[in-house]
Amino acid sequence: MNALASRTRIRRKYALTTLTACLAALAFVGSATASKPRVSPSDREAINATLDTFVNHAVKRHDAGAALDVVTPAMRGGMTRKQWSGGSIPVYPYPAAGQHFHQWTIQYRTSHELAIELLLSPRSSSKGKLGQFLFHVYLQPAHGRWLVDSFMPAATFSPIGKPAIVQAAADFLASPGGSTYNRPSGQATSGPRQVSAVYAIVPFTIIGLILLALAGWGVAANLRYRRLAGPRREDLPPLPARFLNRSPLSMQPHGPRARPRNRP
């Protein structure tokens, strides 16, 4: 009995330990999933200042050279300040409304990069042609500041009063022509289409013409053969009587040869 009780206590202890470990693991996963990346107030202030400078100058193309100090060397791509100020920069242009762009959300954060989503609205003069654009912005810390390392459109929305259309980056990858709500695609749209009845009639017409040509060739060949062969011949006339009398089947018995010698 003591051995049985000891084994029971060991099993209960093992089960309790396993249950505790599972609950701890679930609690850790839940806390990791629920927690969102955050930035300190000082980092947020620095990011806001970088975005204001970058959008007002690089994105809007107003004195683009003023945004050179808030981008990483990788984004600059070896361009000089004079070249950058010329406006031919690797930044998607957009006529954004306003001067401050602090309404952004964090996608993820690592020790050397911060990814955010920034929604920009068009200024009043462009509202009839452009809708809102959602941009993915990637920033890197640099001595108390945050520098823009990448800036690309992630989704576009239709203008006010237009049919509701939302296009994301996957749509542009699937359609290299890049059709948008205000710029039709240069390529034909893909997908199933109804085949015209004309395309169904054409092959049958060709086959019918081939059969008709073969039939005409056969009739012409037959007529030519009859013309070369001449009129149809009748049956041959019967043989004359003199030829029939000479036939062994028609010989009449006569003289000594009428009966064989060995017959009585």
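What is the accessible surface of the chain, and what share of it belongs to carbon and sulfur atoms? The accessible surface comes to about 20300 Å², and carbon and sulfur atoms hold 61% of that area. These values are computed from a predicted model.

## Confidence

Averaged over the chain, the pLDDT is 75, and 58% of the residues reach 70 or more. In residues 29–34 the pLDDT is below 50, and this stretch has zero contacts in the model beyond near neighbours in sequence. Residues 175–195 also have a pLDDT below 50. For this second stretch the model shows 27 contacts beyond near neighbours in sequence.

Where pLDDT is low, the predicted coordinates should not be read in detail. That caution applies to residues 175–195, with their pLDDT below 50.

## Overall architecture

The chain has 264 residues, of which 24% count as buried. Its secondary structure consists of seven helices and five strands. Read from the N terminus, the order of elements is α-α-α-α-β-β-β-β-β-α-α-α.

Among contacts in the chain with a separation of 6 or more, 50% are between residues 24 or more positions apart.

## The largest nonpolar core

The largest nonpolar core has 34 residues. The members that touch the most other members are Phe54, Trp84, Val91, Leu120, Val137 and Phe151. Two or more core residues come from each of α2 (41–59), β2 (114–120), β3 (133–142) and β4 (145–157). Helix α2 gives the largest share, seven residues.

## Trp84 and Arg76

Arg76 counts as partly exposed because its relative accessibility is 29%. Not counting residues up to four places away in sequence, Arg76 touches Leu68 and Trp84.

## The loop between α2 and α3

Arg61 is found in the loop between α2 and α3, and the place of Asp63 is in the loop between α2 and α3 as well. Arg61 is not a glycine, yet has a positive phi of about 65°. Asp63, also not a glycine, has a positive phi of about 55°.

Asp63 has a relative accessible area of 54%, so it is exposed.

## Strands β1 and β2

Strand β1 covers residues 104–109 and pairs with β2 in the antiparallel sense, over five bridges. A hairpin of four residues joins β1 to β2. In this pairing Tyr108 has Ala115, in β2, as its bridge partner.

Ala97 is found in the loop between α4 (81–85) and β1. With a relative accessible area of 33%, Ala97 is partly exposed. Leaving aside its neighbours within four places in sequence, Ala97 is in contact with Ser121, Pro122 and Arg123. Ala97 and Ser121 are 24 residues apart in sequence, and their C-alpha atoms are 5.8 Å apart.

## His136 in strand β3

His136 is found in strand β3. Is His136 buried or exposed? His136 is buried, because its relative accessible area is 17% and the cut-off for buried is under 20%.

Which side chains make polar contacts with the side chain of His136? One is the side chain of Gln107, at 3.3 Å. Another is the side chain of Glu117, also at 3.3 Å. Leaving aside neighbours within four places in sequence, the contacts of His136 include Gln107, Ile116 and Glu117. Ser150, Phe151, Met152 and Ala154 are in contact with His136 too.

Conventions: Residues numbered from 1 in each chain as written. Predicted model: local features only at pLDDT ≥ 70, side-chain atom pairs only at ≥ 80, totals over all residues. Heavy atoms only, no water. Core = buried A, V, L, I, M, F, W, Y, C linked by side-chain atoms within 4.5 Å. Buried < 20%, exposed > 50% of the residue type's maximum accessible area, 1.4 Å probe, protein only. Contact = heavy atoms within 4.5 Å. Polar contact = N/O pair within 3.5 Å; in protein donor to acceptor, adjacent residues only side chain to side chain. pLDDT = per-residue confidence, 0-100. Areas by Shrake-Rupley, 256 points an atom, 1.4 Å probe, with all protein chains shown as cover. Pairing = 2+ DSSP bridges.
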